[in-house]
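Open the model in your viewer and keep the selection panel at hand. This tour goes stop by stop.

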Protein chains: 2
Amino acid sequence: MKREQILKAGLKLFVTHGLHAVTIAQIAAEAKVGIGTVYRYFGSKEEIVQQIWITQKSEESAYIFNKYTQQGSLRSQFDFLWERVIRYFLEHPLEFQFSYQFAASPILTKEIHEVAMMDFLKFDELYAMGLEQNLFKPLTARRLRLFTFSTINGWLLWAMDEKMDIDDATIALFLQMCWDSIKA
Amino acid sequence: MKREQILKAGLKLFVTHGLHAVTIAQIAAEAKVGIGTVYRYFGSKEEIVQQIWITQKSEESAYIFNKYTQQGSLRSQFDFLWERVIRYFLEHPLEFQFSYQFAASPILTKEIHEVAMMDFLKFDELYAMGLEQNLFKPLTARRLRLFTFSTINGWLLWAMDEKMDIDDATIALFLQMCWDSIKA
DNA sequence: TAAAACTGACGGAATATTCCGTCAGTTTTT
DNA sequence: AAAAACTGACGGAATATTCCGTCAGTTTTA
């Protein structure tokens, strides 16, 4: 409970002010929790960031894979999963900003990234199938997945920044672009 | 001279340790400059970041557009420019990391982004021409440009992270993917 | 009622920022 | 053209400020 409040407060403050400008005291205040309590749960500001990252990725994957069934054409599965990614971020702009800002941060170690990204390996199975069927350009499943993910990430950044309103047709066209980019 | 040393030192330290973990004293030491001198040129750590951003984007565009001529087919111009972007970042990994890390940072205001991105508007002319010729999907030139840029940015992050070695063929395939994604 | 969780005031370490003496280079005076 | 006066960039010691992390006291839980 308190732990989640702290993570939530940290997420909000880090995104809006930047890591360097946020103090533990501010986080405690935002979380409506004593400073000491923050230290009960986390050893440092950096650890808070790491735990936000892990928690966030876990919630993200829960959202994405909830209701996912490996039925229908490969293309429809592709669309389903990536659309979920897009919708998750559109509905959670703070989480998106956080995800983008810290993706390349030296605070997050390779191990943390590996753990946090575990769930996303399911995407690779999809891409592997596509490769078997010669649907995609000759790269590894992992690289194709990372490529699409990067594209979506970047696109969302400016889409949100420009407060572009994103309707179903926009998403459909965008997914088409993602598909076309890796199509054989 | 001293100013550049400070910016260079800041770039290196921010990328390797993260903004929050770097002190002005460290920057001064790395730049082989007195602490007071840092304050002669910059008002605060945040201002250093902003000036690095502006300087970096300016150097990047100088590199990209140097030798660029609006000759040849649209596709060859497309390839030329984006290949320059890719090569600039491959040759300047610190700058790339910095660029990626701070792209979504709250330290950089809209104004700074606008000023720093001014030079990149030339890309839009190219895309506008493509749109006139019905070569591209029906989006604005700006959006198409941002889409390609996002794609490249994201791709490079992973490529560098995985220490993937990137030869001419890889770049060519990648540019093909960029083209295919926006092609009508 | 004992244990666990929580709180926030506090001391001191870390850090940002200021301030001033120095001196290499430049201009003015004689 | 030599000497004197001036200038302001510079470094880093000194100061001001912030922030961390602890712990004694309080509240909640079981």
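Helices (H or I, at least four residues) and strands (E, at least two) are DSSP runs, numbered from the N terminus. The model is predicted: local features need pLDDT of at least 70, side-chain atom pairs count only at pLDDT 80 or more, and totals for chains, interfaces and linings use all residues. Residues are numbered from 1 along each chain as its sequence is written, chains are lettered from A and ligands numbered from 1 in the order written, and side-chain values use heavy atoms, with hydrogens and water left out.

**Stop 1: DNA strand C**

Now color by helix. Helix 3 (35-41) of chain A and helix 3 (35-41) of chain B each supply at least two residues of this surface. Helix 3 of chain A gives the most, with 5 residues.

Color by class next. Ala, Val, Leu, Ile, Met, Phe, Trp, Tyr, Cys and Pro count as nonpolar, Asp, Glu, Lys and Arg as charged, and the others, Gly among them, as polar. The surface near DNA strand C has 6 nonpolar, 4 polar and 3 charged residues.

**Stop 2: atoms at the DNA**

- Tyr39(B): a polar side-chain atom lies 2.9 Å from a phosphate oxygen of DNA strand C.
- Lys2(A): a polar side-chain atom lies 3.2 Å from a phosphate oxygen of DNA strand C.
- Gly36(A): a polar backbone atom is 3.3 Å from a base oxygen of DNA strand C.

**Stop 3: the two domains of chain A**

Select 1-43 of chain A as domain 1 and 46-182 as domain 2. These bounds come from an automatic or database domain assignment. The C-alpha centres of the two domains lie 27 Å apart. Their contact (heavy atoms within 4.5 Å) takes 15 residues from domain 1 of chain A and 13 residues from domain 2 of chain A.

Look at the interface. How many salt bridges (a Lys or Arg side-chain nitrogen within 4 Å of an Asp or Glu carboxyl oxygen) does the rule find there? The rule finds 0 across the interface of domain 1 and domain 2 of chain A.

Finish on the domain 1 side. Helix 1 (2-17), helix 2 (24-31) and helix 3 of chain A each supply at least two residues of it. Helix 1 of chain A has the largest share, 8 residues.

Technical notes. A polar contact is a pair of N or O atoms within 3.5 Å; within protein, one must be able to donate a hydrogen and the other to accept it, and residues adjacent in sequence count only if both atoms are side-chain atoms.
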